[in-house]
Amino acid sequence: MKKINHLLIISMSLLVVACSTQHRIEQRTTEQNYQHATILHDQNQGEPIRFWASQQPDFLYQNSRTTNLHVDHQTQFSILALSGGGANGAFGAGVLVGLHEKGQLPDYSVITGISVGGLLAPFVFVGGETLEALPSVILNINDKTLIGKKNFINALTKDAFSQKDKMLTFIKNTYSDQMIEEIAAQHRNGKRLFIGTTHFDSGELMVWNIGAIANSELPQRVLLIHQVLAATTAIPGVFPPQFFDVNDNNEQLEEMHVDGGLATQVFFNPANFDYYKLSQSLGLTRSPRLDVIRNGKLKSSYQAVADKGIPLITKSLSSLTTLQARGDIYRMKYLSEIENIDMQFAYIDKDFSDQKKSRDLFDSHYMKVIYQYGYNKVVAGELWQTELPM
């Protein structure tokens, strides 16, 4: 009897914890209004600060006119797309720093980022000394910094097994007020920075116009950018989702956003922007350029897996992510061909075989090795590809 009472107390305690969230589902946007909700205090002046990937806005090109868009050396409209990949984001950091040091990094007109790519993107967007600080930021990431003390019971009863707000704290410390002011300045210079998150209830991709937010008069603009960066990396179950205060018909509601990688691993034309038409309207004769950095492989490695739950789940998720990324690249290649865009991409090839030395999600040794691998690809002139591995 005493044992049953103990079990009952434990069960009731878990139920109370699970129901103690401040974000009640009754506060959430619904299927009827989620596409119409707007960020609180957004007066919708000038460019939109965000938009659905499925809804084409006209703020870049309208009636044969363009906004004051930046063009690299006034000769070519260039786009950089950075994918997700977790710890493999160190590969992208190595590539970007290598290109910068070799004088081969274009001054991109548009930069997009998903998940860890969303964390890399602001450094490239601002450039200069900010970009040069990227290695010290990425290579000092570890589980203690981003996750803290792991609590797997919390993954069942709360929202994640990481310590609450560890990721958000890292982002606040990394993307300072000064850096956000520099993002605003680049936006005014005509560059655009788009970061994707997944609106979890609908599963749809939301694209955030980070430069427009930085350049806005929103009272919470800094916090909003920090939340977007935390959301785009919020792997469900690992990091807590981010909740955004929104308004619909004067009713204050909430949205829940998580890792953009759930919707897509990488993207370059949010809401189907016609970059070729944009390029022509700017009077450019060269086709637009699209560079894609895939922070991961594009073909699953052969691996004998034990017939046990965790190894099977881990391998399945890895394979699904690889296939998703592969499909995204195929889609981008197709769109680039029909829209006359010169596309090339970089990825982790089969010649990279190093494994993590620990069970950490962000293994420091592994990240340093894969950073150097990306850097060396640039030095050897073996970075860019135009065909996917068979």
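**Ground rules.** I am working with a predicted model, where local features need pLDDT of at least 70, side-chain atom pairs count only at pLDDT 80 or more, and totals for chains, interfaces and linings use all residues. Residues are numbered from 1 along each chain as its sequence is written, and side-chain values use heavy atoms, with hydrogens and water left out.

**Rings.** I looked up aromatic pairs and found 13. Rings of Phe, Tyr and Trp (its six-membered ring) pair if their centres lie within 6.5 Å; planes under 30 degrees apart are stacked, over 60 edge-to-face, and the rest tilted. I opened Phe273 and Tyr275: their ring centres are 6.1 Å apart with planes at 70 degrees, so I noted the pair as edge-to-face. Next I checked accessibility, where buried means under 20% relative accessible area, exposed over 50%, and partly exposed in between (1.4 Å probe, protein chains only). Phe273 is buried at 4%, and Tyr275 is buried at 0%. Both belong to a cluster that ring pairs build from Phe51, Phe77, Phe194, Phe268, Phe273 and Tyr275.

I also noted a charge over a ring (NZ of Lys or CZ of Arg within 6 Å of the ring centre and within 35 degrees of the ring normal). Here the charged end of Lys191 sits over Phe125, 5.4 Å from the ring centre.

**Cores.** A nonpolar core is a set of buried Ala, Val, Leu, Ile, Met, Phe, Trp, Tyr and Cys residues joined through side-chain atoms within 4.5 Å. The largest one holds 74 residues, and Leu96, Ile111, Leu134, Trp208 and Ile210 have the most contacts inside it. A second, separate core has 33 residues, and I met Phe273 and Tyr275 again there, along with Phe267 and Leu388.

**Asp328.** I found Asp328 in helix H13, residues 309–338 (helices, H or I, of at least four residues are DSSP runs, as are strands, E, of at least two, numbered from the N terminus). Asp328 is buried, at 6% relative accessible area. What does its side chain reach? I got the backbone nitrogen of Gln265, at 2.7 Å. Beyond four places in sequence, Asp328 is in contact (heavy atoms within 4.5 Å) with Thr264, Gln265 and Val266.

**Asp245.** My last stop was Asp245, in strand E9, residues 242–248. Asp245 is partly exposed, at 37% relative accessibility. Its C-alpha is separated by 9.7 Å from that of Gln27, 218 residues apart along the chain.

Key: Polar contact = N/O pair within 3.5 Å; in protein donor to acceptor, adjacent residues only side chain to side chain.
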